[in-house]
Amino acid sequence: MDTLKATLNGTTLLVHFAGELTLRSSSTLREKLQNYMDAHTVEHLVIDLSQVEFIDSSGIGMLVALKTRLTSNHKSLFLLSPSPQVQSTIALVHLGSFFQILDSDDDVLAIIPD
Amino acid sequence: MHTYTFHTVAHADACRAVTKGVLAILHEYFEQEDILHSFDLLLTEAISNCARHAYKDMDPGDVEIVLAVFPGMRVECTISDWGIGFSKTDINWINPTLSQPEAEGGRGLYIIASLSSAFRVTQEDGKNSIHATLEIPGELWTR
């Protein structure tokens, strides 16, 4: 079962998602995050992917769309601690350098001042 | 050779459920997580492709998944639908390439081809099929 927990610290939205990012779940997650970001001032979106057991091209496309939208508004998307399965799929589609990937909570604190 | 056939409907909710059923069979042949993940991703992409495109503007129709397992050698996966057929204009079905990094879609077929040792698509009598073969070294088989 997929679970979503979001915490807003200043202008940094930290999202913990556990489960699978697939055709079934990606559009729902994207809609929830976009609605939240429309209603709040969010400069940095950090998505914790450490508990994502599986991601497919729909999930990858959702992350790409979020990053594109944030970047066009001079905001940032960070992926936090992607699971081995997520890392494998990101590498397979050659997006390892497209996304900004953080390895730990300390990296989040170091990069995002608030 | 061992043959397994699965049927489902081309709907987003069904993609993962049937893939997990197929993986339960494959787990009898392989234990390595990276091999099982490759099958998981390949089958999910192929079945999701049917859910997204095969029955566009139609009621979701059937999807058939056939596994032909050649123990110690390879697994041949055939994923078929009876929908509108493959686009002949905007997709390279022989050698799929990646879209631009900023593109939201266009990665599914590339993933399937990348994970396969051999890959092709066929259309015959209204049946549209993706054929993907995965060669697995003999020492990695458990059955």
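Let us start with two helices of chain B, α1 (residues 12-26) and α2 (residues 33-54), which pack at an angle of about 150° with their axes 9 Å apart. Please keep in mind that this is a predicted model. The crossing of α1(B) and α2(B) is right-handed.

Which residues in α1(B) meet α2(B)? From α1(B) come B:A12, B:C15, B:R16, B:V18, B:T19, B:V22, B:L23 and B:L26. On the side of α2(B), they meet B:L36, B:F39, B:D40, B:L43, B:T44, B:I47, B:S48 and B:A51. Sorted by class, this contact consists of 11 nonpolar, three polar and two charged residues.

I now turn to the interface of the two chains. Chain B and chain A bury about 1900 Å² between them, and carbon and sulfur atoms account for 64% of that area. Within chain B, the residues that lose the most area to chain A are B:H37, B:E104 and B:R107, which together make up 28% of what that side buries. The contact involves 24 residues from chain B and 23 residues from chain A.

Next, the polar side of this interface. Six residue pairs are in polar contact across the interface of chain B and chain A, both residues of each pair being at pLDDT 80 or more. Where does the side of chain B that touches chain A come from? At least two residues are supplied by each of α1, α2 and α3 (108-115) of chain B. The largest share, eight residues, comes from α2(B). By class, this side of chain B has 10 nonpolar, five polar and nine charged residues.

Finally, the charged pairs. In general, side chains of opposite charge can pair when their charged atoms come close. How many salt bridges does a search of the whole structure find? The total over all chains is eight, and three salt bridges are counted between chain B and chain A.

Let us look at A:E20. A salt bridge joins A:E20 to B:K20, with the closest N and O atoms 3.2 Å apart. This pair crosses between chains, running from A:E20 in strand β2 (residues 12-21) of chain A to B:K20 in helix α1 of chain B. A:E20 also meets the side chain of B:R16 in a salt bridge, at 2.9 Å from N to O.

How values were computed
Residues are numbered from 1 along each chain as its sequence is written. Chains are lettered from A and ligands numbered from 1 in the order in which they are written. This is a predicted model: local features need pLDDT of at least 70, side-chain atom pairs count only at pLDDT 80 or more; totals for chains, interfaces and linings use all residues. Side-chain values use heavy atoms; hydrogens and water are left out. Axes are lines fitted to C-alpha atoms, for helices over the stretch in contact, and angles run from 0 to 180 degrees between N-to-C directions. Helices (H or I, at least four residues) and strands (E, at least two) are DSSP runs, numbered from the N terminus. A crossing is left-handed if the near helix is turned anticlockwise from the far one by less than a right angle, and right-handed if clockwise. Contact means heavy atoms within 4.5 Å. Ala, Val, Leu, Ile, Met, Phe, Trp, Tyr, Cys and Pro count as nonpolar, Asp, Glu, Lys and Arg as charged, and the others, Gly among them, as polar. Buried area is the accessible area (1.4 Å probe) that two parts lose on being put together, summed over both. A salt bridge is a side-chain nitrogen of Lys or Arg within 4 Å of a carboxyl oxygen of Asp or Glu. A polar contact is a pair of N or O atoms within 3.5 Å; within protein, one must be able to donate a hydrogen and the other to accept it, and residues adjacent in sequence count only if both atoms are side-chain atoms.
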